[in-house]
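Hi,

Here is the structure I promised to pass on.

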Amino acid sequence: MEVFLAAGVADELPEGRHRAEYYGRSPREWTPYHPPKDPTLARRAQQVIMESGPYTSSVEIVDAELSSRLDESMANNQTSILLVDPWAVRNPAYRDVLADYDGQNRPATGVLVPCHDSDEESGDEPIWEDLSRVFWRNWRRQNDPHDPLFRVRVGGDEFDDRLAVMLAVAQNRLMEMGSTTSSRVPTGPTPPPMPGLTIPGPAIPADMPPRFPYLGAAPTPRLDAAAPVQRPLGGPFVPKDPDDDQ
């Protein structure tokens, strides 16, 4: 499974963000929950993945190659999860890539946006309005109980369960997509017909008129048809004697 992080760093906080203690030197050191300490969110996500089944995982940073990397993950039968800091959408590099993702169809990829009540700055509505404008297509299904692949404002006490459900749903969808994909037919020459399976039909006389001339179809002769009978007008039924033809 692939985990992609979209988060800031302590040295370059986005506009309006002042709580640098939630960040480190790399997005991999992002700790959105209070108190901001180890394990990092990336490490915690990998722990959930390991406990959810016999899965391996890798952690990558969201960049301009996100779309192609998601395509590659799907081609390798890997599910993907995006862990997004709501403040990341104020970084132009993240904003454009996430907006591009929002316009794609990714049924086997989940998006989870953490938030903690003690982080007063992240509780402000303007930051969530900014996030909704970036994910405006996916936003309508936020926290939908029937579609658990887009979760926002996920608290620290529910992160593990929400992520585990997201992983299971994404994995099931990936398997369903694989089962409905038509298999390729091997290339090569057309095999010859198997002997004994082709039964020639009866020969049709060339002078036989078609039964349905407008359709251009000739009737199939009945080789086993019985001889016609003769019925004298007004008399009793008298079957034709076969010896009469001789």
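Before the rest, some housekeeping. This is a predicted model, in which local features need pLDDT of at least 70 and side-chain atom pairs count only at pLDDT 80 or more, while totals for chains, interfaces and linings use all residues. Residues are numbered from 1 along each chain as its sequence is written, and side-chain values use heavy atoms, with hydrogens and water left out. Helices (H or I, at least four residues) and strands (E, at least two) are DSSP runs, numbered from the N terminus.

**Around β1**

Strand β1 spans residues 2–6, and five of its five residues are buried (under 20% relative accessible area, with exposed over 50% and partly exposed in between; 1.4 Å probe, protein chains only). In a regular strand, side chains alternate between the two faces of the sheet. In β1, both faces are covered, with E2, F4 and A6 buried on one side and V3 and L5 on the other.

β1 pairs in the parallel sense with β2 (residues 58–61) over four bridges; two strands count as paired if DSSP finds at least two bridges between them. β1 also runs parallel to β3 (residues 80–84), joined to it by five bridges, and A6 stands opposite V84 there. With helix α1 (residues 41–52) and β2, β1 makes a right-handed β-α-β unit: with the strands pointing away from the viewer, the path from the first strand over the helix to the second runs clockwise.

V97 belongs to helix α3 and counts as buried because its relative accessibility is 13%. Beyond its neighbours within four places in sequence, V97 is in contact (heavy atoms within 4.5 Å) with V62, D63, A64 and L66. D63 is 34 residues away along the chain, yet the C-alpha atoms of D63 and V97 are separated by 6.9 Å.

In helix α4 (residues 125–134), the buried residues are I127, W128, D130, L131, S132 and V134. Their cover includes α3 (92–102), β4 (109–114) and β5 (150–154).

**Backbone details to look at**

- The peptide bond from H34 to P35 is cis, with omega near -5 degrees; P35 is in the loop between β1 and α1.
- N77, in the loop between α2 (66–75) and β3, has a positive phi near 60 degrees and counts as exposed at 59% relative accessibility.
- R153, in strand β5, also has a positive phi, near 55 degrees, and is partly exposed at 36%.

Best wishes
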